[in-house]
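The sequence and structure come next.

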Amino acid sequence: MPRATRDGVSIYYEYDESEGDGTPVVFVQGLGYGRWMWRWQREAVADDRDVIAPDNRGTGRSDAGLPPLLPRLPRKLRAPLLFKLAGYSIGGLAADLEEVLADAGIRRAHVVGASMGGMIAQRYALEYTRAETLTLCCTSHGGPDAVPVPDETQEFIFDVPDGANERETIRHRMRPAFTERFTNRNPHLMDRIIEWRLEQDADDPAREAQAAAVLDFDVSDRLEGLRVPTLVLHGTDDRVVPFENGLLLEEAIPNARLERFEGGSHCFFIEHADRVNEELRAFLADHD
């Protein structure tokens with residue numbers, strides 16, 4: 001099991017080698033999400049290029065690196081400390097990614113990130129030299145001009161009905177990320193996703209530490225210096241990171257192209273996996 005270490009924190013990653021000779025691609029996860037979220041895209045590119053899939057710190061098999069006693073506190077005491085003092089930063093998560101790619105011996109990589117992973121990808125491309133391209137899914141450049149997560153969605157993500165068990169909690173938190181039509185038509189897949197999330201996702205303290213990083217993220221005044229080809233993918237009905245953020249990214253990044261997914265949810269890369277895979281494969285091939 002390959003691992004990279006930064007500041008004493010062990011970061012797990014998967015490295016799938018391919019017989020193809022395309023530039024490797026690294027997939028960076030969203031807030032709290034495990035490696036399962038990229039399974040459709042990983043399969044789509046695996047024949048042509050090596051694939052690297054890290055677990056963000058605090059997620060899956062990666063260490064959390066939080067102060068020892070903090071995760072044991074009740075949420076009402078723990079969350080304010082994480083949000084103000086002890087949470088992660090997007091810069092730190094980007095530094096973790098650099099350590100992973102260095103450990104894997106990757107000189108150049110296509111960097112694909114969704115939601116928080118897209119924020120990590122932006123910061124990474126601004127501060128390190130291995131990014132060949134960026135693919136930014138359902139994400140934002142942060143800062144005061146960004147369109148925030150709607151209040152109703154935040155309530156779903158952080159407030160859970162009394163008495164809900166673990167599976168019910170996950171199902172409740174996921175509701176804003178998918179369209180009702182998709183969840184109603186794919187009950188078995190949604191059940192599988194819940195099992196994957198139980199196995200691979202971050203626990204509550206790490207989710208809160210990641211949320212602190214997202215809230216503090218802002219590269220809006222730096223993106224004009226981003227010179228790598230960038231594909232922006234965004235669903236027009238995203239209830240987590242509103243679509244307007246995709247428009248802002250296209251405007252702010254000099255070499256960016258936006259592909260909109262009409263009616264697409266936050267997890268449009270799952271709901272519309274075939275089209276996403278087609279767009280991604282074409283974009284990567286154009287820039288090898």
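Helices (H or I, at least four residues) and strands (E, at least two) are taken as DSSP runs and numbered from the N terminus. The model is predicted.

## Sheet

The order β1-β2-β4-β3-β5-β6-β7-β8 describes an open sheet of 8 strands with mixed pairing. β1 (3–6) and β8 (256–261) are its edge strands, each pairing on one side only. From one strand to the next, the twist averages 20°.

Strands β6 (residues 131–137) and β7 (residues 230–235) run parallel and are joined by 4 bridges. In this part of the sheet, L134 stands opposite T230 of β7.

## Helices on the sheet

Helix α3 (residues 90–104) lies across β1, β2 (9–16), β3 (22–28), β4 (49–54) and β5 (109–114). The helix runs at about 135° to β1.

Helix α10 (residues 244–252) lies across β6, β7 and β8. Its angle to the edge strand β8 is about 160°.

## Cavity

A search of the whole structure gives 1 cavity of 30 Å³ or more. The largest cavity holds about 70 Å³ of space.

Its lining consists of I11, V28, P54, D55, N56, R57, L93, D96, L97, V100 and I120. With 4 residues, α3 gives the most to this lining. By class, 7 of the lining residues are nonpolar, 1 is polar and 3 are charged.

Key:
Residues are numbered from 1 along each chain as its sequence is written. This is a predicted model: local features need pLDDT of at least 70, side-chain atom pairs count only at pLDDT 80 or more; totals for chains, interfaces and linings use all residues. Side-chain values use heavy atoms; hydrogens and water are left out. Two strands pair if DSSP finds at least two bridges between them. Axes are lines fitted to C-alpha atoms, for helices over the stretch in contact, and angles run from 0 to 180 degrees between N-to-C directions. Contact means heavy atoms within 4.5 Å. On a 1 Å grid over the protein atoms alone, a cavity is a set of points where a 1.4 Å probe fits but cannot get out, and a pocket is an open set with protein on both sides within 12 Å along at least five of seven lines; lining residues have an atom within 4 Å of a point. Grid points are joined across faces, edges and corners, and a volume is the space filled by probe spheres set on the points. Ala, Val, Leu, Ile, Met, Phe, Trp, Tyr, Cys and Pro count as nonpolar, Asp, Glu, Lys and Arg as charged, and the others, Gly among them, as polar.
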